[in-house]
Amino acid sequence: MSDATDNPPRRSWRERLFAGLTKTRQQIGGSVRTLFARGQVDDELLEDLEALLLSADVGVEATVILIEDLRQRARKQNLQTPESIQAAMVDCLADLLKPLEAPLQIAPPPGSPFVIMVAGINGAGKTTTLGKLAHHFQAAGHSVLLAAGDTFRAAAREQLQAWGERNNVTVIAQEGGDPSAVIFDAVHAAKARGIDIVLADTAGRLPTQMHLMDEIAKIRRVITKAETTAPHEVLLVLDGTIGQNAIGQVKAFDKAIGVTGLVITKLDGSAKGGVLAAIAKQCPKPVRYVGVGEQVEDLQPFSARAFAEALLG
Amino acid sequence: MLENLTQRLGRVMKTMRGEARMTEANIGDALREVRMALLEADVSLPVVKDFVAQVKEKALGEGVVGSLTPGQAFVGVVHEQLKQLMGEAQVPLALNQQPPAIILMAGLQGAGKTTTVGKLARWLKQNQKKKVMVVSCDVYRPAAIDQLKHVAEQVGASFFPSSPDQKPLDIAAAAVDWARKHHEEVLIVDTAGRLAIDQAMMDEIKALHAQLDPIETLFVVDAMLGQDAVNTAKAFNETLPLTGVVLTKLDGDARGGAALSVRAVTGKPIKFVGVAEKLDGLEPFYPDRMASRILGMGDILSLVEAASQQVDMDQAAAMAQKIKSGKGFDLNDFRAQVAQMRQMGGMTALMDKLPAKFAEAAANMPAGSDDKMSRRIQGIIDSMTPDERTKPELIKASRKRRIATGAGVQVQEVNRLLNQFEQTQKMMKQFGSMFKGKGGMMKMMRGAKSMFGGKLPF
């Protein structure tokens, strides 16, 4: 699954992320570089850095930890140059994010497709992500089947079918009906057709809507009925522009369906997705992919160091 | 999960207890807590900084009223500032225009624009009896037009068909033309979600706005939006002359700090909030509720309510009957008051709820709360004749001797009681004049209540 590089001249996700973030970096009172240019770790630098981290949605708790970490590193290593301080800060953040760096391994059990269930709140970009994933897996030589499990939102099925057409992928859908049933059918269809990967879409829901959280828990149980080892991956799609509520989302969805991986979308805007640091601190889950653009190929694996560098570089 | 601001402040404010006003020294920690709480609620940092500075300015020198602890008074200042920042009143849609009144929707991807279009169409139909048409200029997202079509069907609005191979400007022109000819009163134009930094897309919506000249340009924003809310709002506000904001997904557990950021940056009123995916989930926006939500202030509300409930209004009314004005206050009333006070937990407890001015006066009051003491007072008064009780000035040396013997106490105790009575009578006169006589205590109680519940922003 790691061999996703299909178009050689394409910019790496890091460059894209970097490009997206440049604009924001410039907005935060001069560039990050001038912040570090002081050449010593004093209160003013730490205060500016705190502002930078907080503005990146890193959250209060993780910011305090990161700043303390930098303070200690500065003391131990006697950092005196802007470059070394900046590098140390990148290290702090990269170390914090490191546990999240775990790419998705596609390993279908014999006689069964690899079933990936996708969940998230309304408007997080689930269906779009699903389309991108389908493209991604196809490019890596897997056969893919999409299950239109969002039977609630108007035209969600059509949106997925449009994606399916673009990617030349079969979409299993039903007129209205129960999402569990649609996905159950899709898993069976994939088994019968010997397809490698089933991508199951679900309707967006807020964690406060208890009946919908119960519904998605049921969807997960029904998937297990269709194939005892499934779902092999439960992806939670998080909108990169949202703030500290992301933590609550991870916790709530994890409780309902046992999240095994995260996808962070919309990182091509001016938002920086610093909430990942807060997630790393409070409820760590592997980040499987990050979405850095609208194009199909703009979904990329996550690298803690590249992310930290893009945020603080 | 998240601690609410009131609890956090409660801890900090313990040290502040007994201080009558807020000073630079004693609100420092509290301000820090406000900053943290706002950041955790996803209010953007620059907005938080300005806000904290304002709160500091307002809070300094502000007196602490009545039974409120300085902590509660401080939260009151914060709440008031929040409300002010968010606009005092609900701002309705301006639709008084030669039909069709055009409403243009703009926002990021996934903010909930299309759903909001449907909700708004329904709301306008139901509450304003408008004839509404909707049109989608989203030619980018697959099936976006279909989605709007479904939504329009559900709410019973007319739908102007468009297709992804058309240009947004052409669609808009055709829709306006059609709406005019067919006497649609309101035309809601849905647009594609766009990033604020996507210049081409921002230019497109600018052109769309110029062509449509809408009476309302609503910025649709996700209540969960993080720190980026300021940048996004600023960019949209600079590109488009926004007339209002719709805050969506407010039924999640996000604190909705984005509301504050967006409002602070654009200065535009938040007109609606979206809750639930069901199409009836759209409500006019009320600033004070949002202010409470951002602060996580449910607790202080109940606390203040409880404080005013303890001053039992029924008992207070009965007492007011007895007390009337200071002049008519006699020993019968005094006896009843002493008995009642025992029930209410003593005058001291009652006075705690009153403004500082009265609490001072209460310090001079007899210690009527002491059980033994009040029983003794009752005994002495019971030994008086009805005449003596209504006209205490009759009681001279020989009557005092008789009363003392009857109650089985020393004459000095009768003297002490009469002294206490006189003091109380004097205080009742004060109360009376303070609230212009007539139903004195009742009014005072009401006054006290408004001090806890009304005037303060809870």
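**Chain A.** I counted twelve helices and eight strands in chain A. Both are DSSP runs numbered from the N terminus, helices being H or I with at least four residues and strands being E with at least two. The model is predicted, and local features need pLDDT of at least 70, side-chain atom pairs count only at pLDDT 80 or more, and totals for chains, interfaces and linings use all residues. Residues are numbered from 1 along each chain as its sequence is written, chains are lettered from A and ligands numbered from 1 in written order, and side-chain values use heavy atoms, with hydrogens and water left out.

I then looked up burial, where buried means under 20% relative accessible area, exposed over 50% and partly exposed in between (1.4 Å probe, protein chains only). Of the 313 residues in chain A, 60% are buried. For contacts I took heavy atoms within 4.5 Å. Among those in chain A between residues at least 6 apart in sequence, 75% join residues at least 24 apart.

**Interface of chains A and B.** I found 39 residues of chain A in contact with 35 residues of chain B. The two chains bury about 3,300 Å² between them, with 58% of it on carbon and sulfur atoms. This is the accessible area (1.4 Å probe) that two parts lose on being put together, summed over both.

How many salt bridges cross the interface of chain A and chain B? The rule finds one, requiring a side-chain nitrogen of Lys or Arg within 4 Å of a carboxyl oxygen of Asp or Glu. Arg35(B) pairs with Glu50(A), and their closest N and O atoms are 3.1 Å apart.

I next listed which elements of chain A touch chain B. Helix 1 (13–27), helix 3 (43–55), helix 7 (156–167) and helix 10 (245–257) of chain A each supply at least two residues to that side. Helix 7 of chain A gives the largest share, five residues.

**Aromatic pairs.** The count over all chains is five. Rings of Phe, Tyr and Trp (its six-membered ring) pair if their centres lie within 6.5 Å; planes under 30 degrees apart are stacked, over 60 edge-to-face, and the rest tilted. I noted Trp123(B) with Phe272(B), edge-to-face at 4.8 Å centre to centre and 75° between the planes. Trp123(B) is in helix 5 (residues 113–128) and Phe272(B) in strand 7 (residues 270–274) of chain B, 149 residues apart. Trp123(B) counts as buried at 15% relative accessibility, and Phe272(B) is buried at 3%.
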